[in-house]
Amino acid sequence: MDITTIILVATVLLLLWSLSRKPKNFPPGPIRLPLIGNLSVFMKPEKFGEKLEVMYQKYGEICGTYTFHMPVVIVSGVEAVREVCYHEDLVGRPENAFQKIVYGKSQGILHNTGEEWKSLRRFTLQHLRDLGFGKSSLEGLAHEELLAVFNDIDEISGGRSEGFPNPVNFHDVLGGASINVLWHILAGKRYEHRDPKFKQLITAVQKLLIVFFQITYLYNIVPSLAKVFPRITGFETMESHIKPIEDFIQDEIDDHKKDIDYDHPRDFIDIFLAEVEKQKNNQAHIFNEQQLKQICIELYVAGTDTTLNTLSFAILFMILYPEKQEKVQQELDDVVGRDRLPSLNDRARLPYVEATLNEVFRLSSIIPASLPRTIVSNKEYITLRGYHIPKGSLVAYNIHSLHHDPKIWDSPEEFIPERFLDKSKKTPIRDVLLPFGAGKRACLGESLARNNFFLFFTGLLQRYSLRVPDGQPKPSTEPLGVNVTFPKPFTVKVQLRT
Ligand code: HEM
């Protein structure tokens with residue numbers, strides 16, 4: 001081998017070594033491959049929860065991986081997850097590369113950090129609450145949606161006169177209901193569930209959700225290539241998914257502007273537009289129409305399919321565990337009866353229902369890993385349980401493993417609502433059941449989601465008996481989806497309860 005070849009080989013080896021090197025005291029994890037890192041962990045869309053579980057078992061509570069050059073740390077186990085949730089340096093989110101390319105910086109709440117995030121989150125939450133978000137004043141709206149869902153179910157199933165012969169796909173039927181409650185708060189409207197424009201919106205939101213948190217797209221890593229190679233960088237895909245929702249919301253904002261009365265706002269869009277008007281002479285203001293559009297997109301994407309998928313899992317568990325279904329119905333009959341719909345005021349007197357909802361949150365874990373957080377302080381690294389997490393890392397916590405850990409839960413793969421009625425357990429539920437996350441970055445929509453879930457679930461169970469359709473195999477509980485999971489399509493035989 002001549003000297004040139006030796007130098008060339010040595011240079012290549014050195015380069016490969018430097019590209020696969022990990023910082024000092026980085027958490028244990030799979031071997032970092034040069035350039036791509038551990039891309040495969042985040043690429044394969046199926047069984048993300050199980051993958052996280054395997055990583056926890058193999059590498060322990062803090063697992064360090066790489067996506068291209070970016071460190072991605074997955075945290076598991078009760079104590080470590082708590083530490084991340086409440087860590088004062090871990091309240092940032094990674095910049096959204098798509099928004100940076102299009103608007104020059106991240107917007108809205110979900111992808112924002114610092115003072116802008118704080119102000120927008122506070123403003124949004126406060127005004128959504130004033131509009132009834134998570135309060136019993138929205139119950140009438142949820143009941144209205146429920147009655148529309150009953151109509152759809154009766155029609156699709158063939159109804160009472162024909163003996164409900166046709167199985168029903170609840171995932172299809174329930175999609176409009178949760179989106180309508182949210183849309184009412186944001187835009188003061190509801191849509192007919194079968195309105196083609198509305199159906200398109202639901203499909204667009206579902207498609208966007210699949211790619212929304214995708215960190216493996218190349219434009220995230222090399223934003224400068226996005227406009228030059230929109231297809232191979234994934235930029236075009238993201239744009240095509242966001243566009244229909246953005247157009248829908250822009251139309252709504254334009255409609256609102258036509259007849260807005262700033263002194264009498266009708267809904268969240270009006271309230272935000274009034275703030276834009278109020279702040280227009282303030283140089284430092286952060287309220288503009290683009291922010292409004294972004295927040296509406298985020299609430300839509302984060303808020304509709306999450307509730308829908310949780311409900312779908314709840315229906316699935318009810319048909320797979322008919323004896324639990326009967327217990328829920330018995331409690332509803334005893335406490336509420338059949339003459340009125342269940343109300344939020346009944347909740348405290350429905351412990352078995354409450355335990356069932358908790359068990360659905362636990363077993364389904366529709367969001368297997370939290371959204372990524374970033375370090376907000378100027379430190380070069382922070383320390384998590386003895387390991388160094390360098391600035392620029394993404395840190396996510398493993399919700400799936402928390403909810404399926406045999407050290408915490410007996411028979412974790414079984415659907416057992418009764419486990420939540422057992423008062424002898426020492427660990428508080430709030431530490432081990434975290435479907436909405438915890439800390440300053442916890443879910444903004446938790447109260448609305450919990451209320452809607454309760455009202456839709458109890459309303460359906462009060463009215464219908466649900467079974468696996470005759471002659472069909474039991475549907476699988478194996479989830480589809482990555483960041484937000486949902487059950488494989490299944491249908492249900494419904495019967496009016498007598
Ligand atoms: C069953 C339903 C839902 C589940 C399981 C869920 C779960 C979550 C989780 C795990 C997070 C991340 C927490 C973290 O990073 O620590 C989150 C964030 C968020 N959720 Fe939800 N969510 C649900 C419904 C909703 C609804 C109905 C809305 C709004 C209408 C919503 C809006 C948001 C927003 C805006 C964030 C980001 C908050 C921030 O970064 O400051 N979610 N959610």
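Phe 170 touches Ile 153, Ile 315, Leu 460, Leu 466, Val 492 and Val 494, leaving aside residues up to four places away in sequence, where contact means heavy atoms within 4.5 Å. This is a predicted model, in which local features need pLDDT of at least 70 and side-chain atom pairs count only at pLDDT 80 or more, while totals for chains, interfaces and linings use all residues. Residues are numbered from 1 along each chain as its sequence is written, and side-chain values use heavy atoms, with hydrogens and water left out.

**Nonpolar cores**

- Phe 170 and Leu 460 touch the most other members of the largest nonpolar core, which has 107 residues; such a core is a set of buried Ala, Val, Leu, Ile, Met, Phe, Trp, Tyr and Cys residues joined through side-chain atoms within 4.5 Å.
- Helix H14 (residues 289-320) gives the largest share of this core, 17 residues; helices (H or I, at least four residues) are DSSP runs, numbered from the N terminus.
- Apart from this core lies another, of 27 residues, among them Phe 26, Val 75, Val 81 and Ile 382.

**Iron site**

- Cys 443, through its SG atom at 2.3 Å, is the only protein donor of the iron atom of the ligand; donors are N, O and S atoms within 2.8 Å of the metal (3.2 Å for Na, K and Ca), and sites may look incomplete because water is not among the atoms.
- Cys 443 sits in the loop between helix H18 (429-432) and helix H19 (446-463).

**Salt bridges**

- The structure holds 34 salt bridges, each defined as a side-chain nitrogen of Lys or Arg within 4 Å of a carboxyl oxygen of Asp or Glu.
- Arg 463 forms one of them with Asp 154, with the closest N and O atoms 2.5 Å apart.
- This pair links distant parts of the chain, since Arg 463 belongs to helix H19 and Asp 154 to helix H7 (residues 139-157), 309 residues apart.
- Glu 275 and Lys 278 meet through their side chains in another salt bridge (3.8 Å, N to O), and both lie in helix H13 (residues 268-278), three residues apart, about one turn of the helix.
- Within that pair, Glu 275 counts as buried at 13% relative accessibility, whereas Lys 278 counts as exposed at 66%; buried means under 20% relative accessible area, exposed over 50%, and partly exposed in between (1.4 Å probe, protein chains only).

Terms used
Helix = DSSP H or I, 4+ residues; strand = E, 2+ residues; numbered from the N terminus.
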